[in-house]
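I opened my notebook to get to know this structure. Here is what I looked up, entry by entry.

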Amino acid sequence: MGNFVVRRLVVFGICAVLGGQVQAELKFEITDFVGKRAPVAVVPFGWEGEAENAPFDISAVITADLSRSGRFAPIAENDMLQKPTTGVDVDFDDWSILAVEAVIIGKVTQTGANAYSVQFQLFDVFKREQLVGYRMPASRGTMRRVAHRAADMIYEKLTGIPGVFGTKVAYVTAQGRDDNRLYTLVVADADGENEITIMESTDPIMSPAWSPDSRRLAYVSFENNISTIYVQTLRTGNRIKVSSRVGINGAPAFSPDGRKLVLTLGGIDGNLDIHILDLASRKVTRLTTNRSIDTEGTWAPDGRAIYFTSDRSGGPQVYRVGVNGDSPERITFEGSYNARPRLSPDGSKLAMVHLDRGNYRIAVLDLDNRDLLVLSGGSQDESPSFAPNSDSLIYATRQGRNGVLETVSADGLVRQRLASRQGDVREPSWSPFLN
Amino acid sequence: MVISLFALGACSSTSDMDEDGSEGSTVSSSDSSGSSATTSASSDGGQLTQEEIRAQNALRQTVFYFDFDVAEFQAEDRDTLTYHARDLAANPGKRFRLEGHADERGTREYNLALGERRANAILNYLIVNGASRSQIEVVSYGEERPAQSGQSEQSYNRNRRVEVIGR
């Protein structure tokens, strides 16, 4: 069995121009259902510059972002009665007629050879007033990022919830069959654009986990045929081996301060337990000692507790243990299988894989009232990961034989599918807010 | 008379199968791919004894299957595993690797743990029956390396396994 690792450690830069590494394979399909969409208008942006057209269509990205959120229905350009680019030109009567609730206008102005100024304004049609206006500098390479930033601000102003259009997702792809498998660890924009290969291997890759500053990914690699945990810096492609002990090295997750990893170690006796690794000192502290399987640890947002999967009561359930190792407390009581916990960043909800009448589905437990809501509809759904605004989740599911990703709002009303043309996609992890 | 037979490495072995009264030599029969070598001798220099045939057959079995959500090997594999243990005990230079697997249902890291537990269940049995810990490496691949892809019960059954990989 040939097992050399093919590794392309790609420099992860803000600039989208990266030669042949960008694959653009992920596509978003709207498969959402229910939910009320507010009609809005995103007017094509004005342009002042040397070339005939702006180097980038900002309004198209804002439109796509707002539409993809499931909460807005942008109207078609053909239906617009006017296309203002400055506030002075906005005629609220024209928008009222169309029953549009909010209007977004803007313009791009060239200020240098590769320097632009992007301005946008958001208006409330009913109140006839501006809600937010903003101007941002951009280069050709940062236009898309600026468009997402505008969409985030608009979204937050209209919903009260911070937008996540400018965030990223990491996931693993698997192609080929049998002895000819190729695995890649990929980072893409939250809308599926700009897929960049972080690491590539002929052996399995598992459990990607973002550092809180979004600069690093921890993951499990089976290169050399054994499990090893690495932490890789995205910008440079450099990585360090942080755990390669005898037995399983698995399920890494960063602490909220970025200084520690919770991980699963099997050790020489094969007793799988939760440990905490201090990344600076490399000191490992053992948190559980039970003879059951204890794995899939994740941090509470206050950094004081770890939630994990344990089968100490017979089948997998979610438990919570303080980082000082006090006696673990069982959290899930509904159903025979609850595993792979993930806390929402605001600490209010716990997502997990839940066995629901024979189907493995994503469920969210409200930690206040203890209501369990099943959010997904597949039979083999797994790897739930919250968006940093706690309002959406991404997870892995199946479409026919292929692994695909789906996002769902935390209330279950909006669901969308992300499919890749290259084989199986799995193990998504949503980035924190990017700085 | 004891005859040592080996495919890899030098080892002399004393048969513990002498205990049950069968005559003569043991057959040390595994090469690196797990298939048995064929040379042997019994004390009358001719055919293999029943015991030797049983041992060879046992050593040829290198995959052990598990029931759903369970880490104990199946009862019918106990004798086969005993032969493996004795073979290791008789050949201290022999090494192999236990690779544990799970079917794809449920979460990946939990399945990685299940695969490890299954491999360890076999490891522990082998050690109790004479093998030395240093002879055996244990690795789990969880659900990542199925023997048969697909979502049928048959695929799942074939994926819940531990494989013995000779080295």
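Which residues have the most contacts inside the largest nonpolar core? I found A:Val231, A:Val242, A:Leu261, A:Leu279 and A:Leu393, in a core of 37 residues. A nonpolar core here is a set of buried Ala, Val, Leu, Ile, Met, Phe, Trp, Tyr and Cys residues joined through side-chain atoms within 4.5 Å. Helix 3 (residues 108–128) of chain B gives the most to this core, namely 4 residues. I also noted a second, separate core of 29 residues, with A:Val132, A:Ala138, A:Ala150 and A:Ala151 among them.

**Ground rules.** I kept in mind that this is a predicted model, where local features need pLDDT of at least 70, side-chain atom pairs count only at pLDDT 80 or more, and totals for chains, interfaces and linings use all residues. Residues are numbered from 1 along each chain as its sequence is written, chains are lettered from A and ligands numbered from 1 in the order in which they are written, and side-chain values use heavy atoms, leaving out hydrogens and water.

**A:Leu279.** I found A:Leu279 in the loop between strand 17 (273–278) and strand 18 (284–286) of chain A; helices (H or I, at least four residues) and strands (E, at least two) are DSSP runs, numbered from the N terminus. Why does A:Leu279 count as buried? Its relative accessibility is 15%, and buried means under 20% relative accessible area, exposed over 50%, partly exposed in between (1.4 Å probe, protein chains only). Leaving aside neighbours within four places in sequence, A:Leu279 is in contact (heavy atoms within 4.5 Å) with residues including A:Arg216, A:Phe254 and A:Leu261.

**A:Leu261.** I then turned to A:Leu261, which touches A:Ile229, A:Pro252, A:His275 and A:Trp299, among others, not counting residues up to four places away in sequence.

**Between the chains.** I saw 37 residues of chain A in contact with 26 residues of chain B. Together the two chains bury about 2,700 Å², 51% of it on carbon and sulfur atoms; buried area is the accessible area (1.4 Å probe) that two parts lose on being put together, summed over both. A:Met206, A:Ile248 and A:Ile293 supply 18% of the area chain A buries against chain B, more than any other three residues.

**Charges.** How many salt bridges link chain A and chain B? I counted 5, each a side-chain nitrogen of Lys or Arg within 4 Å of a carboxyl oxygen of Asp or Glu. One salt bridge joins the side chains of B:Arg117 and A:Asp311 (3.3 Å, N to O).
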